[in-house]
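Good morning, everyone. Please bring up the structure on your screens, and we will walk through it together.

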Amino acid sequence: MYKNIYLKRGKDESLKRFHPWIFSGAVHHADEGIQEGDIVRVITAEGKFIAVGHFQIGSIVVRVLSFEDIVIDHDFWCQRLKAALDMRVAIGIADAPNNNTFRLVHGEGDNLPGLVIDCYGRTAVMQAHSVGMHVCRMEVAKALMEVMDGRIDNLYYKSETTLPYKAGLDEENGFLIGGGAHVDNVAIENGLKFHIDWLKGQKTGFFVDQRDNRSLLEHYAKGKSVLNMFCYTGGFSVYAMRGGAKLVHSVDSSAKAIELVNENIAMNFPGDDRHEAYCDDAFKYLDEHDDKYDLIILDPPAFAKHRKALHNALKGYTRLNLKGLQRIKHGGILFTFSCSQAVNKDQFRAAVFTAAAQAHRRVRILHQLHQPADHPINIYHPEGEYLKGLVLYVE
């Protein structure tokens with residue numbers, strides 16, 4: 001049976017509201033011999049069971065898997081993964097004829113904290129963000145293949161950069177199931193093709209969370225000169241091309257990203273000379289190109305990985321948006337985003353407000369954007385709302 005962790009008096013209130021994290025300051029003591037990644041039972045100061053979850057050293061000591069006193073076994077994994085798949089089928093994102101790219105498991109949003117699974121055609125990419133999920137990876141893999149019932153052939157594990165380095169796991173990325181030279185790394189999103197670099201790319205190889213926002217941008221792109229900053233694989237650029245943009249420029253500081261965006265443009269629009277890509281620093285590029293673009297996308301990497309970096313992150317968002325607002329044409333449209341979980345939507349909006357005031361531009365909000373439905377937010381875990389975006393009309 002699982003060992004127990006005991007809470008201090010009064011430290012079970014968040015658990016009564018089904019919040020799935022237990023912080024180190026809430027723990028009174030624990031049974032001897034608990035190892036990082038173990039499944040533990042959580043006991044209140046009154047001696048009552050309240051949760052079962054993965055133990056980890058750090059500020060979040062337990063990520064709750066269930067508020068029922070159950071065994072975490074094959075049936076548990078199958079039930080949770082099936083619930084995740086059923087939701088994606090219900091919203092029409094799984095098994096869609098023109099889309100085989102979607103998030104199947106979104107951590108706490110699917111009641112599987114510490115686990116992310118993205119599907120790209122016949123390959124799923126699994127990422128562990130906790131030691132417990134890493135320890136359980138083969139159990140999850142077996143259940144996943146059973147639940148997916150022939151939908152995928154390959155499962156790639158990509159957790160080198162997401163597991164705590166102090167855990168000493170020496171984990172290497174690689175295929176848990178399937179793999180080999182024959183694996184097709186081209187996936188389809190809303191009828192457009194993309195190379196997915198799950199071997200060395202960011203996240204699981206592609207930013208699935210911007211799918212709906214890319215579609216919105218396509219709607220605005222016709223006849224416009226488009227600048228896609230921090231372009232990575234060029235998702236926004238490809239949609240802008242299909243939307244009828246008169247020119248699209250993609251900028252990223254990574255030479256590998258520039259290779260990827262050029263490959264994706266060529267795969268979808270062979271021989272089309274409307275697109276050019278530049279390997280350059282975002283701030284430097286914006287400084288050198290004034291009043292050239294009437295649609296700009298600012299989708300930077302997270303400026304704040306944790307709350308200690310919040311102040312500097314907000315200054316960074318203000319500075320970046322100031323540059324974009326200063327450089328965009330009159331009557332232009334700016335898509336601007338933050339994927340920093342430590343920055344909430346009000347703080348991000350305030351940073352953009354400050355940038356607009358400093359730029360002395362009249363700015364109107366057209367849309368307030370967020371993550372798509374296959375990145376659900378657990379209603380008991382508001383921290384899961386990480387992607388924020390605004391579409392601005394700039395006079």
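Predicted model: local features only at pLDDT ≥ 70, side-chain atom pairs only at ≥ 80, totals over all residues.

Which residues in helix 9 meet helix 10? Now, on the helix 9 side we have Leu310, Leu314, Tyr317, Thr318, Asn321, Leu322, Leu325 and Gln326. Across from them, helix 10 brings residues including Phe348, Ala351, Val352 and Ala355.

Next, the geometry. Two packed helices are described by the angle between their axes and the distance between the axes. Helix 9 covers residues 310-327, and helix 10 covers residues 345-359. Their axes come within 8 Å and cross at roughly 45 degrees. Because of that angle, helix 9 counts as oblique to helix 10. The crossing is right-handed.

Five strands form an open sheet, in the order 7-8-9-10-11. The pairing is mixed. Which strands sit at the edges? They are strand 7, residues 101-106, and strand 11, residues 174-177; each pairs on one side only. From one strand to the next, the twist averages 25 degrees.

Look inside the sheet. Strand 9, residues 123-128, and strand 10, residues 154-157, run parallel. Four bridges join them. Take alanine 124: its bridge partner in strand 10 is leucine 155.

Last, the helices on this sheet. Helix 2, residues 74-90, lies across strand 7 and strand 8. Helix 2 runs at about 140 degrees to strand 7. Helix 4, residues 137-148, lies across strand 7, strand 8, strand 9, strand 10 and strand 11. To strand 11, helix 4 runs at about 60 degrees.

Technical notes
Residues numbered from 1 in each chain as written. Heavy atoms only, no water. Pairing = 2+ DSSP bridges. Helix = DSSP H or I, 4+ residues; strand = E, 2+ residues; numbered from the N terminus. Axes fitted to C-alpha atoms, helices over the stretch in contact; angles between N-to-C directions. Contact = heavy atoms within 4.5 Å. Parallel < 35°, antiparallel > 145°, perpendicular 65-115°, else oblique. Left-handed = near helix turned anticlockwise from the far one by under 90°.
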